[in-house]
Every structure is written in C-alpha cells, then in structure tokens.
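Student: I have a model open and would like to go through it with you. Can we take it piece by piece?

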Amino acid sequence: MLRGDPLANVLYIDLSKKKHWVERREDLFEKSIGGAGAAVELLHEECPRGADPFSPENPIVFAVGPLTGLFPLASKTVAMFKSPHTGNLGESHAGGRSAVAIRTAGYGAIVIRGANDIPGYVAIHGSEVHFRDARTLWGMRDSFTVGRIIRENEPAAGLRSIMRIGRAGERLIPYACVTTESYRHFGRLGLGAVFGSKKLKAVVVSGKHSLPVGGGEGAAGAAEYRRVYDQIYQEAVASPVMKKYHDLGTPENVLPLNALGGLPTRNLKDARFEGADRISGEALAEHYLGRRLACSHCPVGCIHIAALREPDENEPYFYKTSMISYDYELIYALGSMLGGSDPEGLLKLIDRIEVYGLDAMSTGVVLAWATEAQERGLVSEDAAGGLRLAWGDYPAYLEAVRRIVEQPNEFYAALARGVEHAASVYGGEDFALAFGGNEMPGYHTGPGAHLGFLVGARHSHLDSAGYSVDQKVLMKRQIPPDELAREILKEERWRQVLSSLVVCFFARGIYSPERTAAALRVAGFEYTADDLKRIGADIHRRKYAFKFREGFSFETLRVPGRIFETPSPAGLLDGQYFQTVVDCVRKDIPAGGP
Amino acid sequence: MRLSVVDTERCIGCQSCMFACARRLGKGGLAGTCIGVRSIGGMERGFKVVVCRACDDPPCARVCPVGALQVRRGGGVRLDEARCIGCGHCRDACVIGAVFWDDETGKPMICVHCGYCAKFCPHGVLTIERADTTESAAARVGMATGTGGERAEGQESLERALEASNVAHATEKSAEGAGANA
C-alpha cells in the first residue's frame with residue numbers, strides 16, 4: 001500500500017475507559033484489502049470466544065477499503081460484530097456518507113470496545129474523538145428527530161455520517177438496525193441492538209483528509225488515476241443496469257419477479273401477488289416519488305424517497321408530508337409478504353419501522369408469521385392483546401410494530417426476538433421463514449436463492465445472489481447439485497473481494513477482476529486478478545472459521561418446510577436435491593479453518 | 001467561462017463534482033475541493049450546491065488586505081498564493097461560503113471555473129457557461145504551485161487546464177522530493 005495511506009490507521013475507541021488511540025495496521029490491509037477482509041480479522045482479534053453479544057466484550061468493527069474516496073461506487077462501509085439475532089457472525093453493510101467519511105477522517109477501520117455507563121454518542125472529527133452525553137436523546141420516540149438534533153450539534157455538514165439507533169436498538173430488539181443519513185441502514189443481524197447494549201446512541205464521523213494515489217510518479221500518476229477513474233465512471237453512468245437503479249431503483253424488480261412467480265406473498269403461501277401492480281416500482285414512482293438520493297461518490301443514486309401527504313384526522317386543510325425511503329426488499333417484506341396492496345398503508349408501515357429503527361425485512365417476516373399463526377389458531381386474539389392481524393390490514397400492522405417495540409405481553413416479547421424464537425414458543429416452525437436464524441429476503445426464485453440464504457456466511461441474499469443462478473440457469477435446465485454448490489461458493493468468494501474494496505454490489509459488473517486490479521494499482525495495491533480470487537476465498541474461510549468457533553454447524557441448519565410447498569419459477573423445490581447441495585458446500589468449507 | 005448551478009432540485013447528493021475538483025490535481029478524497037454539496041437539513045429536504053458565483057464585484061477580493069485576490073475578467077477571482085497571508089477575511093466575506101479552505105496550507109482554495117466538475121455531474125445540475133471575457137483555468141493551478149496563474153487569452157479549454165494541472169502536479173512532486181508516493 002502507499003506509504004502514509006491513512007487506510008492503515010485503525011481507530012480504537014474504548015467506551016468503558018473513554019479512551020481512544022490509533023494503530024498502524026498495514027499488515028491487515030495488505031493481507032485482506034480492507035472492508036469485510038479487514039473487519040473479519042479484527043473481529044477474530046477483538047471478540048472473545050463465546051462472548052455474549054450484549055456484553056461489553058462484543059466489539060463493533062467498521063471498515064472501509066482502498067478504493068473508498070478514490071473511485072465511484074466504492075461507497076459502502078462494512079460493520080462486523082457478534083450478532084444478537086443469530087448468536088454468530090454479524091455482518092452488515094451500509095452506504096450513505098459513512099464510507100467516505102471514515103476514509104477521509106483518516107481511517108481504514110474503527111473498533112469500538114466496552115460500553116458506556118450512561119447513554120452517550122461518539123463524535124469522530126478527523127483525529128479528534130469526543131464522547132458526548134446522549135441522556136437527553138435516549139428514549140426519544142422518533143429517530144428522525146434524533147438525527148436532526150445531532151446534525152445541529154455537530155460540525156462538517158456534507159462531509160459527515162451520523163449512524164444512530166432508534167427505540168428498537170435501545171430496547172435491545174435483536175433485529176434493530178443502525179440508520180445512517182436518514183435512509184441507509186446497517187439493517188441486518190442486529191447492529192442496532194449491539195449499539196443499544198453499549199448505551200451508544202450514535203457514532204458521528206467526519207473528515208477532510210486528502211488521499212494519496214499511486215499509479216506512477218507525479219503527472220503520470222495523476223493522469224493514470226483520471227484514466228482509470230473515467231472508465232469506471234463512464235461505465236457507471238452509461239450502463240443499462242445502472243440506469244435501471246437510477247430510474248425506478250430496486251423496486252423495478254417487483255413486477256418481473258411477480259410475473260415469474262418468485263415474489264413471496266402472504267408468508268410465502270403464494271409466490272404471485274395479485275396486488276403487485278399497486279405497489280410496484282412503477283406505481284410508487286408515478287404516484288409518490290418525491291426525490292432521489294445517492295450515497296457519497298455514487299453517480300447512480302438508487303435511493304428513492306416517496307412523498308406521502310396525509311390529511312390531519314381532525315383539522316381540515318392541515319396536512320403533513322413525510323419523506324419515506326422505499327426499496328424492493330421493503331415492498332416485499334411489508335407489502336406482498338403481508339398481502340398488502342395499499343401503497344399508503346405500506347408507506348406508513350415503512351415509515352413507522354424507520355422511526356423505531358427496526359430491520360424492515362425481519363419485521364415483515366415476523367409479522368407475516370404472526371398473521372398466519374393467528375389464522376391457524378396458534379395464537380389467539382387474547383394472546384395478542386386483542387389484536388387480530390389480517391393480510392393487508394395496515395392499521396393492525398402499525399399497532400403490532402409499536403407493540404413489538406414496547407412489548408406489553410409475552411407474545412410481543414416473543415415476536416421481538418425473531419420469527420425462529422416465536423415459532424419455538426407457539427409452533428408453526430414450518431412457516432417461520434428464517435435461515436440460520438435470519439428472516440428471509442424476498443426471493444422465491446428457486447433452490448439457488450434459498451440455498452444462498454442458508455449457506456451464506458451472513459444468511460443474506462447478497463452473499464451469493466442465488467436468485468440470479470435461478471433465473472439465469474435453473475429456470476431453463478437442471479444442474480447437478482455439486483455444480484450449484486460450486487456456483488454459489490464461487491460467487492460468494494468473489495463478493496468477499498468486492499465487499500473488501502468496498503464496492504457496492506450494484507457495480508459488480510463494472511468491477512471485474514481485471515478492472516479491480518487496475519483500480520487497486522492506482523490505490524497502491526499490486527494484485528493480479530488471481531491474487532484477488534485467492535484473497536476472496538481466504539476471507540470467506542475466515543468468516544466460516546468465526547462461525548464454527550461460535551458454534552455454527554451445517555448439520556443443525558433448519559430449513560422451513562414452506563419453501564418446498566410453494567412452487568417457484570424453477571419448479572417445486574426438491575428436498576433431496578437441496579440437502580445434497582448443502583452437503584457439497586459443507587465439504588468445500590473446512591470445519592476447522594485456519 | 002463561468003460555472004453555474006442550473007437546478008439544485010436535480011441534485012442527488014452524490015458529490016461526484018466534489019471528487020472531480022480534487023482529482024483534477026491528481027488527489028483523492030475531498031480535501032482539495034472547491035465545491036460543496038450538502039443537505040439543507042437532512043437528506044429528505046434535498047441539497048444545496050455551494051460554488052463560486054464568479055461575482056462581477058467580488059467581496060472576497062475587496063477585503064483582501066494584501067491584494068492576493070485579483071478580480072478575474074469575466075467575474076470571480078484568482079489567487080496569488082505567494083502573496084496570501086492566510087488571514088481568512090475572504091472566507092468571511094463570501095456569504096455563500098464558496099471560499100474553501102486548505103487546512104494543510106492554511107490558505108483559501110478558489111474555484112477557477114474550469115468546468116471539470118460539471119463534466120462529472122451525472123444529472124445536469126452544473127454547467128459551464130461562456131462569459132464575455134475569459135481567462136485561463138491555470139489560476140487554480142497557480143495556487144497549487146504557488147507561482148501565480150499563467151494568463152491565457154481567448155477560448156479556455158478543459159484539456160488545456162488539465163494539461164496545466166499535470167505540470168503543476170509534477171512541479172509539486174519534485175518540490176516535495178522524489179518517492180513521496182512510493
């Protein structure tokens with residue numbers, strides 16, 4: 001790496017001792033690039049075996065990569081921690097301004113240790129670290145208000161990230177998220193609850209460091225930087241994929257997935273939703289789209305914000321307008337999965353979940369299970385505190401979300417621990433749609449998608465994008481189980497490189513191995529495309545080493561029966577085939593790890 | 001030429017323009033940028049784009065006690081960094097905050113209206129307009145080298161500005177000594 005590149009600076013913050021220091025860790029970044037690669041090493045170093053996720057010994061690691069601040073779409077931050085939701089590897093990615101802010105503050109990674117004794121937030125402005133009192137912010141109902149207050153109290157508008165939690169994180173709901181820049185999230189696996197357990201309301205980061213570039217001496221270096229940059233930028237603004245994400249954003253996928261019969265509907269009792277055209281990307285854009293936003297250093301701008309204008313219930317001519325960010329996964333989890341086709345109800349539910357700081361996907365799947373559990377008589381109206389959940393009934397869902405956060409009785413306390421836990425108490429495990437303890441994402445495209453959720457290191461659709469294999473291959477022809485296992489693992493291993501740079505997965509087509517190597521050369525890293533693939537495999541192995549260390553086992557993975565009952569675009573899933581693929585994956589991942 | 005903000009409502013806040021401004025001189029990050037994009041109170045409200053308006057009668061130049069800011073033909077100013085004493089009056093005088101500050105040199109950074117940022121605005125927020133008279137973008141380059149801008153008459157081309165910036169970059173590097181980037 002380039003001499004003096006601030007990327008090698010790891011900022012350690014000890015909340016218990018109110019101390020902070022910086023260590024130069026060239027070793028870390030030279031071996032594992034940055035992002036996910038650096039974060040998993042730090043997690044191994046910092047997190048003791050068997051640590052309670054809510055104890056002060058559970059660390060929070062944020063990491064960015066060598067391309068952050070230098071190239072477009074290298075716009076993500078990776079967070080790692082031990083997940084309170086799965087009790088195992090916690091990894092979540094977010095954009096906003098977080099990545100550029102961390103990099104230009106002069107760091108490649110931030111490690112947060114210990115816990116606050118009273119609520120506080122940490123403000124990192126370049127080399128300054130402040131421990132601020134957040135007692136006044138703690139317990140505030142609306143996370144938007146919290147963001148507004150911190151914004152006014154801190155400097156560096158436009159150059160900062162404000163990562164904060166809502167009530168859900170304070171209440172230790174294990175699928176609480178951390179929100180940054182109002183609309184981006186470290187959504188999955190409960191980073192918000194880890195913040196909450198540390199009485200850490202927010203982390204503010206800002207910076208203005210310039211970043212060195214290599215690629216040759218002096219003018220030649222500058223020219224080479226601009227040459228590689230221009231190629232990536234031009235492709236980003238000209239490619240049809242990027243245009244799709246700019247125009248309609250991820251909700252563009254609602255109608256095509258529904259037409260295929262891969263859109264999970266009413267707790268995956270169906271995979272086609274008759275109301276899809278009312279909550280499609282097209283419909284929401286036409287009737288509600290109010291603004292589009294981008295993460296810092298992303299010319300695409302996939303973030304879509306709806307403007308919802310609502311009349312006051314009592315006073316005439318009194319309106320409030322809310323700006324609500326929507327994405328495909330939210331439309332799935334809080335729309336089709338709940339049988340909801342009323343766009344305004346959907347937007348209000350999204351907004352409520354944003355206000356509390358819950359993970360939208362987990363919340364939607366929990367509500368879908370609860371609705372079916374009531375439908376089947378597993379949970380009485382009494383047990384639900386007089387609430388009757390019904391498909392598409394948004395007022396009931398809005399109330400249920402409030403109760404999940406407030407937990408007035410045992411039923412909501414169970415829901416607040418996730419769908420797998422709730423089903424272990426009330427039954428209905430076959431339709432409790434979680435993989436590895438994490439509620440499922442919105443793809444019922446075939447075996448590839450579900451296998452990806454199951455064997456992915458973070459049980460996310462983004463681990464290996466199995467839905468893409470389903471659509472490109474399995475919908476047309478069967479492939480042997482070992483071939484599918486290889487496809488899934490190959491993709492997940494390459495994605496370790498992208499999430500170490502850290503490049504947004506939407507740009508994966510632009511950042512080919514060769515182009516990635518060229519960009520890394522400008523950033524001072526000499527790797528061949530083959531080196532990168534090897535590093536990707538190493539990082540994947542290190543993640544699994546952590547998982548095994550913390551008790552993960554392929555043998556005990558639970559597969560919800562529902563996925564074998566509802567036909568997918570690639571046909572009805574075959575349990576035998578499914579299990580054989582899992583066995584193939586298991587053989588390819590050494591249980592011990594290095 | 002004069003940089004102009006066409007429509008802030010089209011701005012998505014990607015800050016590509018800010019990175020472009022810094023990159024013009026071969027730098028990554030945002031320390032060297034003369035343009036600022038920030039939300040107007042949360043992302044939900046949209047953005048403001050802070051950029052030098054190339055005032056016909058620029059207050060920043062009027063308050064400079066040492067004459068380091070020369071009024072540029074066609075509006076705006078150019079900085080003679082050798083004269084500048086880093087007092088910051090120019091920054092205070094600019095009510096829109098378009099005089100940016102270089103924390104490393106302790107001196108202002110002034111937009112030269114080269115239009116490189118507009119080239120990297122994906123959504124048509126920025127444009128470069130022809131003013132009555134023009135002057136070379138090398139003024140900013142002058143700032144970087146501390147030698148003062150080289151004046152060029154007539155049509156200014158971005159390519160020429162970039163070429164000049166490469167030269168400036170080389171000069172900078174040789175001044176710092178070899179191997180600074182090794």
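Student: How do α17(A) and α19(A) run relative to each other, roughly parallel or roughly antiparallel?

Tutor: α17(A) and α19(A) are roughly antiparallel, a label for angles over 145 degrees, where under 35 is roughly parallel, 65 to 115 roughly perpendicular and the rest oblique. Before going on: this is a predicted model, in which local features need pLDDT of at least 70 and side-chain atom pairs count only at pLDDT 80 or more, while totals for chains, interfaces and linings use all residues. Residues are numbered from 1 along each chain as its sequence is written, and chains are lettered from A and ligands numbered from 1 in the order in which they are written.

Student: What is the angle at which α17 and α19 of chain A pack, and how far apart are their axes?

Tutor: Helix α17 (residues 447–455) and helix α19 (residues 466–474) of chain A pack at about 155°, with axes 6 Å apart. Axes are lines fitted to C-alpha atoms, for helices over the stretch in contact, and angles run from 0 to 180 degrees between N-to-C directions. Helices (H or I, at least four residues) and strands (E, at least two) are DSSP runs, numbered from the N terminus.

Student: Which residues make that contact?

Tutor: From α17(A) they are A:Pro447, A:Gly448, A:Ala449, A:Leu451 and A:Gly452, and from α19(A) they are A:Gly466, A:Tyr467, A:Val469, A:Asp470 and A:Leu474. Two residues are in contact if their C-beta atoms, placed from the backbone, lie within 7 Å. By class the contact has 6 nonpolar, 3 polar and 1 charged residues; Ala, Val, Leu, Ile, Met, Phe, Trp, Tyr, Cys and Pro count as nonpolar, Asp, Glu, Lys and Arg as charged, and the others, Gly among them, as polar.

Student: And α21(A) with α22(A), what angle do they cross at?

Tutor: Helix α21 (residues 513–522) and helix α22 (residues 529–549) of chain A cross at roughly 100°, and their axes come within 8 Å. That makes α21(A) roughly perpendicular to α22(A). A:Pro513, A:Glu514, A:Thr516 and A:Ala517 on α21(A) meet A:Ala529, A:Leu532 and A:Lys533 on α22(A). This contact divides into 4 nonpolar, 1 polar and 2 charged residues.

Student: Zooming out, which domains is chain A divided into?

Tutor: Chain A has domain 1 (6–206), domain 2 (243–426) and domain 3 (445–588); the bounds come from an automatic or database domain assignment. The C-alpha centres of domain 1 and domain 2 of chain A lie 26 Å apart. Between them, 29 residues of domain 1 of chain A are in contact with 22 residues of domain 2 of chain A.

Student: Which elements of domain 1 give two or more residues to that side?

Tutor: α4 (143–153) and α5 (167–170) of chain A do. α5(A) gives the largest share, 3 residues. The side of domain 1 of chain A that touches domain 2 of chain A has 13 nonpolar, 10 polar and 6 charged residues.

Student: Now chain B. How many helices and strands?

Tutor: Chain B has 6 helices and 9 strands. Of its 182 residues, 55% count as buried, meaning that 20 or more other C-beta atoms, placed from the backbone, lie within 10 Å of a residue's own, with 12 or fewer being exposed and the range in between partly exposed.

Student: How many residues of chain B are in contact with chain A?

Tutor: 32 residues of chain B are in contact with 44 residues of chain A. α6(B) gives the most to the chain B side, with 5 residues. That side has 13 nonpolar, 13 polar and 6 charged residues.

Student: Is A:Thr77 buried or exposed?

Tutor: A:Thr77 counts as buried, with 33 C-beta neighbours inside 10 Å.

Student: What about phi of B:His113?

Tutor: B:His113 has a positive phi of about 60° although it is not a glycine. B:His113 sits in the loop between β8 (107–109) and α4 (116–119) of chain B, and is buried, with 31 other C-beta atoms within 10 Å.
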